Amino acid sequence: MSDVKGLLSIVGIGPGASQHTSPAALEAIAMSDVIVGYTTYIKLVRHLIEGKEVVRTGMTEEIGRARAAVERARDGAKVAIISSGDAGVYGMAGLVFQVLQEIGWKRGDSPELRMVPGMTALNSCGSLVGAPLGHDFCAISLSDLLTPWPVIARRIEAAASADFVIGLYNPASGRRTRQIVEAHDIIARYRPGSTPVALVKSAYRKLEQVTLSDLDHFLEFEIGMLTTVLVGSTNTFVFEGYMVTPRGYTNKYTWDGNAIAGQTPGRSLVLSEENVPVRSEGDARVRSEENVPAPRDRAPLAVLSEEE
């Protein structure tokens, strides 16, 4: 191992269009001597890596890719290992840390690590269809190449029953076609067929394709490895061709910006006996900050900021 301390940048390049790659990602790539990545992602940044040493590998060669990046950086090189989207979201970051753990790397050792975030597929796909992620959401990969299908199915069931907006990554491929059908069947137990569903293929790339459908019909459209599926919650609606999930402001405020009678700005939402937001002073109040007992034997939480 070299006496020179290397640098390993773990870089998310975003969806693929250069205007959506962050300045920090561009800087990390520019200052690196070695670029490591999946062949398709290397093509996306080929205009940025002329003259650099490039290590490119194919699908299913992720461990070798991570090891190559770590070993070159450990020997003193400045290395950037790239993923599309964000490297920490279904990307290479987790695997790089596992390789570092396996070789006994400690903080302060070579290489120095830098994490460079990128725009995720959910962010980029969401922006193409409106505001589908305006409230609580989750991401689930339907690929069972590394995760048992019963585990994936259980997560879909939990997300569907809890009314999350659900982003489905890796929904189908040439050899995996049943998973998206089973995911549909699970979600349909909890949501009406009119629930908005967006299919976004190759967001911000040359073959970009956006389809807005609903739970009853989205399986009639082409879905592949480059498609991200966004399934709305029971509150998601379509407005002028846009898919929107509201945050919940109208539970507390009128369109004049005033609080609804019975509600107080900056305080927890007051609910009726039916556990829905009260709409007038006359509604029964069964839960508010004043009548929720404080936990015993627990110090009060520090208030870092006000939010609404």
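Ser 83 is buried in this predicted model. Its relative accessible area is 4%. The residue lies in strand S4, which spans residues 78-83. S4 belongs to an open sheet of five strands with parallel pairing. A second open sheet of five strands has mixed pairing. A search of the whole structure finds zero disulfides.

**Around Ser 83**

- Neighbours within four places in sequence are set aside here; beyond them, Ser 83 is in contact with Val 11, Gly 12, Ile 13, Tyr 41, Gly 91 and Met 92.
- With a relative accessible area of 4%, Ser 83 falls under the 20% cut-off, so the residue counts as buried.

**The parallel sheet**

- The strand order is S3-S2-S4-S1-S5.
- Strand S3 (53-57) and strand S5 (112-116) are the edge strands, and each pairs on one side only.
- From one strand to the next, the twist averages 15°.
- Strand S2, residues 34-38, runs parallel to S4, and three bridges join them.
- Val 36 stands opposite Ile 81 in S4.
- Helix H1 (residues 23-30) packs on this sheet. The helix touches strand S1 (7-12), S2, S4 and S5. The direction of H1 makes about 140° with that of S1.

**Helices H3 and H4**

- Helix H3 covers residues 62-74, and helix H4 covers residues 93-103.
- Their axes come within 9 Å and cross at roughly 60°. That angle makes H3 oblique to H4.
- The crossing of H3 past H4 is right-handed.
- On the H3 side, the residues that meet H4 are Glu 62, Ile 63, Ala 66, Arg 67, Val 70 and Arg 74.
- On the H4 side, the residues that meet H3 are Leu 95, Val 96, Val 99, Leu 100, Glu 102 and Ile 103.
- An α-helix has 3.6 residues a turn, so residues three or four places apart point the same way.
- Gly 94 is found in H4. This glycine is partly exposed, at 42% relative accessibility.
- Gly 94 and Ala 66 are 28 residues apart along the chain, and their C-alpha atoms are separated by 9.7 Å.

**The mixed sheet**

- The strand order is S7-S8-S11-S9-S10.
- Strand S7 (137-141) and strand S10 (209-214) stand at the edges. Each has a single partner strand, so one side of each is left without a neighbour in the sheet.
- Neighbouring strands are turned by 20° against each other on average, direction ignored.
- S7 and strand S8 (residues 165-169) run parallel, joined by five bridges.
- Ile 140 stands opposite Leu 168 in S8.
- Helix H6 (residues 149-161) packs on the sheet and touches S7 and S8. The direction of H6 makes about 160° with that of S7.

**Helix H5**

- Helix H5, residues 121-129, lies across S7, S8, strand S9 (196-201), S10 and strand S11 (227-231).
- H5 runs at about 70° to S11.
- Buried residues in H5 are Leu 122, Ser 124, Cys 125, Gly 126 and Val 129.
- Just after H5, Gly 130 takes a positive phi of about 130°.

**Val 210 in strand S10**

- Val 210 lies in strand S10. This valine is partly exposed, with a relative accessible area of 37%.
- Val 210 and Val 129 are 81 residues apart in sequence. Their C-alpha atoms are 7.6 Å apart in space.
- Leaving aside neighbours within four places in sequence, Val 210 is in contact with Leu 128, Val 129, Leu 199 and Val 200.

- A disulfide is a covalent bond between the sulfur atoms of two cysteines.
- The closest cysteine sulfur to that of Cys 125 is in Cys 138, 15 Å away.
- Cys 138 is in no disulfide either, and its nearest cysteine sulfur is that of Cys 125.
- Cys 125 is buried, with a relative accessible area of 2%.
- Cys 138 is also buried, with a relative accessible area of 18%.

Conventions: Residues numbered from 1 in each chain as written. Predicted model: local features only at pLDDT ≥ 70, side-chain atom pairs only at ≥ 80, totals over all residues. Heavy atoms only, no water. Pairing = 2+ DSSP bridges. Helix = DSSP H or I, 4+ residues; strand = E, 2+ residues; numbered from the N terminus. Axes fitted to C-alpha atoms, helices over the stretch in contact; angles between N-to-C directions. Contact = heavy atoms within 4.5 Å. Buried < 20%, exposed > 50% of the residue type's maximum accessible area, 1.4 Å probe, protein only. Disulfide = S-S within 2.5 Å. Parallel < 35°, antiparallel > 145°, perpendicular 65-115°, else oblique. Left-handed = near helix turned anticlockwise from the far one by under 90°.
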